[in-house]
Amino acid sequence: MRLAGKRRPVIRTFALVLIALLGLLTVNVAFAQSGQSGGITQEAHDIHRLYLFVLGLALAVFLLVESGLVYAIIKFRRKNDELPAQTHGSNVIEMIWTGIPMVIVASIFIFTFITLQRIEHKSTPENLTVEVTGFQFQWQFTYNLNDLGKGSDLADKRQVTVIGTQAEEPTLVIPIDEPVEFKLVSNDVIHSFYVRDFLYKLDVVPGRDNRFTITARELGDFTGQCAELCGLNHALMRFKVHVVQRAEFDKWVAEKAAGAKTARQP
C-alpha cells in the first residue's frame with residue numbers, strides 16, 4: 001500500500017509533464033503555420049507580428065505556470081503526516097503576481113494600438129479604388145477608369161466590371177506595391193469579404209459603406225471567399241486574387257475596357 005501511495009505523485013507528475021509537452025507541441029504547430037501564412041500585404045505583416053507577439057507572451061506564461069506547478073508537486077508532495085510550515089500573506093509575492101499581468105496586458109494593449117493605427121483604413125485620392133459588390137451568390141468587382149491609382153494616367157469616366165457566375169469564379173486583379181482601397185457593398189444580405197493571405201476579413205452589409213485599404217507586397221494568385229453564411233449556395237461565393245505589376249494591370253484594364261466598348265456596339 002505504501003509503495004502504491006508513493007507511486008501516485010510520480011504518475012501525476014508524469015501526466016502533467018505529458019500534458020505540458022502536448023501543449024508545447026500545439027504551440028510549435030501554431031508557430032509553424034503562422035510562419036507559412038504571414039500574409040502578402042504590408043498590413044498582413046503588421047498583423048502577423050502582433051499575432052507572434054501575443055503567442056510568444058502566451059507561451060512564456062504557459063511555461064512559467066506549468067513549471068511552477070510541476071515544481072510544487074515534486075517539491076512539496078506529501079511525505080508524512082506532519083503539517084509543513086504555513087505562510088500567511090506576502091507583499092512581495094502579491095506585488096509580483098499583480099505586476100506581471102499588468103505588464104503583459106499593457107504590452108498587448110500598446111502593441112495592438114500601434115498595429116491598428118498602421119492598418120487602419122486611409123482613403124486618399126492616390127488609392128486605386130475597387131467597388132466590391134456581394135450578392136447571392138457571387139461577387140462583382142468594379143473599376144472606375146478615372147480612379148485607378150497614382151500609377152494611372154487615364155481620364156476616362158467609363159467602368160470595367162468583372163462579374164462572377166456559378167460556372168466561373170471572378171478574378172480580382174490589383175497592382176503590387178500600391179495602396180488599393182476596397183469599397184464593400186451588398187444588394188441583399190450580409191456577406192463577408194475574406195482573403196486568407198490578407199489576414200483580414202470585413203463584413204459586406206446592406207446599406208453600409210465598409211472600406212479597407214491594403215498594399216500587396218507579393219506577386220501571384222490567391223483565393224478569396226465569402227466568410228458569412230449567406231444562404232444555400234454560400235459555398236459558391238469564391239473568387240481569385242491576381243497580384244501583378246502595374247504595366248500588366250494597365251494592360252488588363254485596357255483589354256477589359258476595349259472588350260466592353262466592343263460589346264456595346266451594334
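This report describes a sheet and a set of aromatic ring pairs in a predicted model.

## The sheet

Five strands form an open sheet in the order β3-β2-β1-β5-β8, and their pairing is mixed. The edges are taken by β3 (159–163) and β8 (210–215), each of which pairs on one side only. On average, neighbouring strands of this sheet are turned by 20° against each other, direction ignored.

Strands of a sheet pair through backbone hydrogen bonds, in either a parallel or an antiparallel sense. For β2 and β3 the sense is antiparallel, over 5 bridges. N144 stands opposite Q159, a residue of β3.

## Aromatic pairs

The structure contains 14 aromatic pairs. In one of them, W139 and F193 have ring centres 5.6 Å apart; their planes stand at 85°, over the 60 degrees required, so the pair is edge-to-face. W139 belongs to strand β2 (residues 138–148) and F193 to strand β6 (residues 191–195), so this pair ties together parts that are 54 residues apart in sequence.

W139 and F193 are also part of a cluster linked by ring pairs.

## Burial of the W139–F193 pair

Are W139 and F193 buried or exposed? A residue counts as buried when its relative accessible area is under 20%. W139 has a relative accessible area of 0%, so W139 is buried. F193 has a relative accessibility of 1% and therefore counts as buried.

Note on methods
Residues are numbered from 1 along each chain as its sequence is written. This is a predicted model: local features need pLDDT of at least 70, side-chain atom pairs count only at pLDDT 80 or more; totals for chains, interfaces and linings use all residues. Side-chain values use heavy atoms; hydrogens and water are left out. Rings of Phe, Tyr and Trp (its six-membered ring) pair if their centres lie within 6.5 Å; planes under 30 degrees apart count as stacked, over 60 as edge-to-face and the rest as tilted. Helices (H or I, at least four residues) and strands (E, at least two) are DSSP runs, numbered from the N terminus. Buried means under 20% relative accessible area, exposed over 50%, partly exposed in between (1.4 Å probe, protein chains only). Two strands pair if DSSP finds at least two bridges between them. Axes are lines fitted to C-alpha atoms, for helices over the stretch in contact, and angles run from 0 to 180 degrees between N-to-C directions.
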